[in-house]
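Colleague: I am new to this structure and would like a close look at one part, the sheet. Please take me through how the strands pair, and then through some of the contacts made by side chains.

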Amino acid sequence: MAGLDPTDWRGIRDIGHRMLDEVFDRMEHVGEGPVWRPMPSSARQALREGLPEKGHSLDDLYGRYLDLVVPYGVGNTHPGFMGWVHGAGTPVGMLAEMLAGGLNANCGGRDHAPIEVEREVIRWALQMVGMPQDGSGCLVTGSSMANFISVITASRAQDLSIRNEGLAGRRLVGYAATTAHGCLPRAFDLAGLGSEALRRVPVLADHRMDVSALRDMIAEDRKAGFVPFMVAGTAGTVDCGAIDDLVAIEAVAHEASLWFHVDAAFGALACLSSRFQPQLAGIGKADSLAFDFHKWAQVPYDAGCVLVRDSRKHAAAFAQSLDYLVREERGLAAGAPWFCDFGPDLSRGFRALKVWMTLGHYGARRMGEMVETCCDVAADLARRVERTDGLVLLAPVTLNIVCFGIDGLEDAEVSELVQDLHESGIAAPSTTRINGRLAVRAAIVNHRTTTVHTDRMLDAVIALRDERLQARTGR
């Protein structure tokens, strides 16, 4: 047997059609059953069989997938999942993944249609946030990689010789609020700058960056001999969804000749809402921007995106000239610049198809309406929290994230309550700290989540709280 194609195409068609039907069945009834269930040790052990010497039948492998994988997923497709900022996916996106797998295109470069699809997706993204159409970008695993690419681009824009010489004593520093995502200090670490080179700017009472403090920190660092090179604003903080004053931050960046970056991992999609877009004023002035299509845009994982205003500076940070990757004027090796010129990956999957089909099918208006619906559900939950004795809203609800505390319970008890809620299968919120207090955090990102699901979650929280308080008093 020389190749790996089936000898029985009829048989693989039959099982393929069965798989597709069963996926649609699960999607149609996704809100039924528990949000999440713990994976038993027997199921974990059953997956530990070692490298198979001989292959299994596709029917056997599919059966094991149904028994050992499907029941124990993370649960983000379920409308009761609201703990982390995970998109829920759509049937359209799932079909696009299947089609992309069938084409099996390497989108690192060369001249072929999947590259043009990704270029169109990048143009859509630039248009969505108001950046110039001659900007550049590429699709990546997620905002962690997108932020990393942005830090690399910004530092090389400051001093391109870093590519060959390394930092060599250069004392580059950048700035982000204390509420910025942890992937930013990690990006500074991986870029060789050191995580401490990212100065953490304090925030105001509304959880937004203190721009006055930013200005003072830049001046102090320059006086101490450091070289400030970038500032990162956040459009939708990971803890409570706050949006930094991007207009004011951009003004400081411009005044100080710094690279202005925006981490808009999920908040970028609010640009599609006429109601919420004004809160993101200034985002279109970014020199670079990171966000995820696999969050609020509901594209299947993974589909992150980095955008850069100046394509020449972007390419200068990553492009290589190699004998075995020569760009030609015509033929398959034409079509420069390639996407490998805008990031570290040469081998890249056809992520763009699922973005292109998802946005192409639903359209910008409907996606904006979906964003508004999520925010409406969050606002309803916040109002109910404020009306409920013993619950307290701990942060303003800017977009779609609600953080609330539970009076009478210690932090450890709140943590245990959330874990109990997960294991009940009713809902899956998460926790975070707001002003030092452990909060229950509900992020309404799933397009399937309604007030029915948030009410069910809150009812369960109240019941679990009452059980603990009653047990404590012995009544």
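Modeller: Let us begin with pairing: two strands count as paired if DSSP finds at least two bridges between them. The elements themselves are DSSP runs numbered from the N terminus, with helices (H or I) of at least four residues and strands (E) of at least two. Please keep in mind that this is a predicted model, in which local features need pLDDT of at least 70 and side-chain atom pairs count only at pLDDT 80 or more, while totals for chains, interfaces and linings use all residues. Residues are numbered from 1 along each chain as its sequence is written, and side-chain values use heavy atoms, with hydrogens and water left out.

Now to the sheet itself. It is open and has seven strands, arranged in the order β1-β7-β6-β5-β4-β2-β3 with mixed pairing. At its edges are β1 (136-140) and β3 (198-201), each of which pairs on one side only. From one strand to the next, the twist averages 20°; axes here are lines fitted to C-alpha atoms, for helices over the stretch in contact, and angles between N-to-C directions run from 0 to 180 degrees.

How much of β7 is buried? To answer, we need relative accessible area: under 20% is buried, over 50% is exposed and anything in between is partly exposed, with a 1.4 Å probe and protein chains only. For β7 (residues 304-308), five of the five residues are buried, so the strand is largely enclosed by the rest of the structure. In a regular strand the side chains alternate between the two faces of the sheet. In β7, Gly304, Val306 and Val308 point one way, Cys305 and Leu307 point the other way, and all are buried.

Elsewhere in the sheet, the pairing takes the parallel sense: β2 and β4 (residues 227-234) share five bridges. Leucine 172 faces valine 227 of β4 there.

Next come the rings. Rings of Phe, Tyr and Trp (its six-membered ring) pair if their centres lie within 6.5 Å; planes under 30 degrees apart are stacked, over 60 edge-to-face, and the rest tilted. There are five aromatic pairs in the whole structure. In one of them, phenylalanine 81 and tryptophan 84 have ring centres 6.0 Å apart and planes at 40°, so this pair is tilted. Phenylalanine 81 is buried at 3% relative accessibility, whereas tryptophan 84 is partly exposed at 41%. Another pair is phenylalanine 291 with phenylalanine 293: with centres 4.8 Å apart and planes at 65°, it is edge-to-face. Both partners are buried, phenylalanine 291 at 0% and phenylalanine 293 at 1%.

A ring can also have a charge over it, counted when NZ of Lys or CZ of Arg is within 6 Å of the ring centre and within 35 degrees of the ring normal. Phenylalanine 226 has arginine 171 over its face, 4.0 Å from the ring centre. Arginine 199 also lies over the face of phenylalanine 226, at 4.6 Å.

Finally, consider the salt bridges, where a side-chain nitrogen of Lys or Arg is within 4 Å of a carboxyl oxygen of Asp or Glu. The count comes to 27. One of them joins arginine 170 and aspartate 159, at 2.6 Å from N to O. Arginine 170 sits in the loop between α7 (162-165) and β2 (172-177), and aspartate 159 in the loop between α6 (143-158) and α7, so the bridge ties together parts 11 residues apart in sequence. Both are partly exposed, arginine 170 at 23% and aspartate 159 at 25%. In another salt bridge, arginine 465 meets aspartate 466 with the closest N and O atoms 3.0 Å apart. Of these two, arginine 465 is buried at 9%, while aspartate 466 is partly exposed at 28%.
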